[in-house]
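User: I would like to learn how to read packing features in a model. Please take me through a few of them.

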Amino acid sequence: MHSIVEYITSYLQSNQTPGAAGNFAWATIYILLVFVGLSIAVICMNWLERKILAHMQVRLGPMRVGPHGLLQPIADALKLLLKEDIIPAEADATVFWIAPFIVVLAAFTVFVVVPFGPTHAITDMNIGILFMLGVSSLAVLGIVTAGWASNSHYPLIGALRSSAQMVSYEVAMGLAVVSAIMMTSANAEGTGTLSMIGIVQAQLEQHEWFLFKYFPLGIVAFAIFAIAMVAETNRAPFDLPEAESELTAGFHTEYSGFRWSLFFLAEYSAMIAVSSIAVTLWMGGWLRPFPNALSGPTWDLVFSLFPGLTFLFLAALCFYSTARMPKHPLFRIQTMGLAGFGVVLALIGLILFWGPARTRIEDIYWFSAKVAGFMYLYIWYRGTFPRYRFDQLMKVGWKVLLPTGLALLILTAIVGMRTEILSMFQEGLR
Amino acid sequence: MTDPKTLSSFDLDTAEKTYLDANELVINMGPQHPATHGVLRVILRLDGEKVLGLECVIGYLHRGVEKIAENRTYTMFNPYVDRMDYVAAVSNGLGYCEAVEKLLSVEAPPRAQYIRVILTELNRIASHQLWLGTHALDIGAITPLFYTFRDREEILKIFEKYCGARLTTHAFRIGGLQYEAYDGFEEDVRKFCKFVKPKIDEYEELLTTNRIWLERTKGVGVISGKDCIALGVTGPVLRASGVKWDIRKALPYANYKNFDFEIPTGQNGDTYDRYIVRMIEMRQSLRIIEQAVAGIPEGPIMAKVPKVMKPPVGEVYHSIEAPKGELGYFIVSDGSTQPYRVRVRPPSFVNLQALDLMCRDQLVADVIAVIGTLDIVLGEVDR
């Protein structure tokens with residue numbers, strides 16, 4: 001008994017991730033936390049996407065289920081779970097059955113190495129970024145099998161488009177990632193790292209987000225990645241595999257109910273996953289903004305108040321909406337619910353001001369806030385852009401992003417090695 | 001295998017044979033498909049994503065409008081024409097009323113004609129707005145749809161105030177108008193013109209210089225002016241191909257000759273030019289409306305027409321410039337109260353013929369764009 005307690009508490013003092021520390025009890029807890037957190041994030045994303053898109057399009061979005069449609073995602077999830085699960089007679093049932101699980105598995109597994117904080121990750125691998133890229137590209141397998149197993153024309157075209165698109169954009173994506181990894185080696189020892197945590201720590205040590213490093217090389221690499229990641233996740237304006245107006249729903253046309261919702265879940269968690277890569281590689285991961293300009297303990301304290309303030313702001317929004325709810329008795333339960341939700345948010349906010357909670361949550365907060373920024377961008381793109389055509393998409397991928405990525409890689413290498421190259425030349429001249 | 005280019009249209013008999021050819025894929029698009037604007041069914045023969053040929057299958061919305069006309073009096077048939085192109089019902093009504101008026105040799109009084117022009121041009125804007133929203137949606141831009149529907153609502157409100165109906169208005173009667181313009185009609189129309197001008201700029205802001213929009217529309221679905229004339233294609237599609245043909249100018253009806261407006265034309269005959277032509281047309285329509293509201297005369301709104309209409313034996317063809325192209329009515333009278341035959345020349349139906357020509361060697365995504373840019377309404381295609 002004593003040894004178990006010791007085993008568990010031993011981790012609490014460690015400054016490693018549970019996976020790296022070999023503490024499986026804590027690793028399991030972290031896995032559960034990430035899984036639950038991710039599911040909640042997807043549910044929130046569902047509501048937020050519908051609301052934000054609606055407001056961009058001069059409409060209200062969901063308003064009926066719960067106050068301001070807050071319970072809509074739950075209602076949707078229930079509906080999907082209760083729906084009949086149809087497997088077309090002509091479909092290859094086994095493959096049809098497996099395909100969504102491959103996609104979901106790939107989308108969730110990548111979160112093993114996502115660093116929410118210096119110790120807040122399930123594990124830290126020395127090949128973290130490779131693992132992420134590798135596993136997330138497995139999703140294309142699920143999509144292709146889904147399209148093939150449906151035994152129908154639209155899903156087949158959707159799947160083919162999707163595989164071509166994901167494979168070609170992975171090349172450009174990889175080049176951008178390599179250029180960021182090269183930047184991690186710009187230290188005195190010249191040792192780079194592929195570990196997700198290591199990459200963020202490299203940015204901490206170099207006092208610079210890789211977004212601004214070797215200006216403008218960092219920004220260009222980031223831009224390539226930001227474009228490629230939208231294509232990689234099949235979102236607008238690169239949503240050809242599921243182009244509604246052309247292929248009805250693309251590779252998941254024949255799917256319904258729970259299996260369809262798995263694709264939905266996978267799409268959103270893949271969006272969060274690639275955004276996490278972008279945040280980790282270029283935007284300093286869990287590091288707070290303005291570490292150089294606004295440094296010092298006072299600013300540290302100010303920035304550590306942000307999580308609590310955010311929740312208090314959300315609570316204030318809830319209370320404001322509560323005050324604006326119609327006074328009709330019909331809305332009494334909704335009004336009370338919204339106020340209750342506000343109280344919960346306010347309580348969370350107040351807890352987050354408490355010292356120990358504040359320091360533990362701050363990393364996770366900044367990481368999530370940056371990822372949330374990317375999520376907003378995804379929605380914004382969807383509200384703004386028309387859809388690319390397939391050949392144009394390929395043109396952008398192979399003729400624009402790939403050469404830019406290659407040139408960028410060479411330039412980053414030259415700039416990173418400039419002192420060595422200069423000294424080589426001087427030696428040569430001598 | 002036959003060279004696809006020499007095939008006049010997709011041959012169903014060879015479908016069996018070509019299906020086994022692994023390079024080709026026969027896809028059935030519609031009648032239930034989000035982007036075929038109703039119940040159009042297109043059978044596509046694809047090589048990968050390239051379109052080798054296509055055939056339109058129509059008739060899913062056939063209601064026998066022309067046959068119905070033979071069993072109704074001239075007055076009774078009037079509301080039926082609204083159901084053909086239901087997004088431009090006012091234009092349909094104008095064409096029919098003017099055709100019968102021509103048969104009866106009466107002319108609507110000037111006040112009626114001015115109000116007719118105002119309502120028809122408002123309807124043209126509404127139709128173009130609906131086209132823009134759905135066309136942009138087909139190409140993947142979902143937001144313009146909601147903007148255009150928001151602004152189209154204002155036009156429908158004016159219709160509703162004028163005659164009680166929003167969509168199938170039945171706004172005109174043979175010989176003039178049933179209703180006098182309501183109090184504040186001119187003010188409403190003026191307000192609308194002021195309201196919608198910046199809104200059209202707003203649509204353009206979202207699309208006209210959008211890189212993806214340009215790539216998706218430039219050089220897509222190109223059709224030459226010669227081909228347009230050969231196929232009988234009219235309306236904005238013809239004008240975008242560089243042919244300056246607008247029946248409002250060429251064969252003035254109503255009192256369009258009193259108004260000062262321009263006919264926009266394109267050069268390339270591609271989807272982008274058609275988009276630009278329609279955008280300018282909306283602005284020109286506003287110009288006409290403003291002139292009409294300013295010059296609206298006083299006077300009667302109904303010409304002297306008999307209660308029981310018995311047009312003399314004979315036939316008449318009258319065409320107007322509907323939002324989608326030349327809308328013609330060919331009416332044969334045998335001297336009785338009912339027309340002997342009514343034949344409608346619907347612009348959508350004739351324009352749809354060009355789909356095959358415009359889509360050859362393009363990609364699947366372009367088929368959607370071209371169907372959208374042809375601006376077809378299946379109610380009018382099938383009648």
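Analyst: Leaving aside neighbours within four places in sequence, F225(A) is in contact with M173(A), A176(A), V177(A) and A278(A). Contact means that C-beta atoms, placed from the backbone, lie within 7 Å. This is a predicted model, in which local features need pLDDT of at least 70 and side-chain atom pairs count only at pLDDT 80 or more, while totals for chains, interfaces and linings use all residues. Residues are numbered from 1 along each chain as its sequence is written, with chains lettered from A and ligands numbered from 1 in the order in which they are written.

User: How is a pair of packed helices read?

Analyst: Two packed helices are described by the angle between their axes and the distance between the axes. Here, the axes of α3 (residues 24–56) of chain A and α16(A) come within 10 Å and cross at roughly 40°. Axes are lines fitted to C-alpha atoms, for helices over the stretch in contact, with angles from 0 to 180 degrees between N-to-C directions. Helices are DSSP runs (H or I, at least four residues), numbered from the N terminus.

User: Which residues of α3(A) and α16(A) make the contact?

Analyst: α3(A) contributes M45(A), E49(A), I52(A), L53(A) and M56(A), and α16(A) contributes M375(A), I379(A), R382(A) and G383(A).

User: How is the interface between the chains read?

Analyst: The size of an interface is often given as the accessible area lost when the parts come together. Here the description is by contacts: 22 residues of chain A touch 26 residues of chain B. On the chain A side, α11 (244–247), α16 (355–384) and α17 (390–416) each give two or more residues.

User: Is A323(A) buried or exposed?

Analyst: A323(A) lies in helix α14 (residues 306–324) of chain A. A323(A) is exposed (12 or fewer other C-beta atoms within 10 Å, placed from the backbone) because 10 lie within that distance.

Methods:
Contact = placed C-beta atoms within 7 Å. Buried ≥ 20, exposed ≤ 12 C-beta atoms within 10 Å, placed from the backbone.
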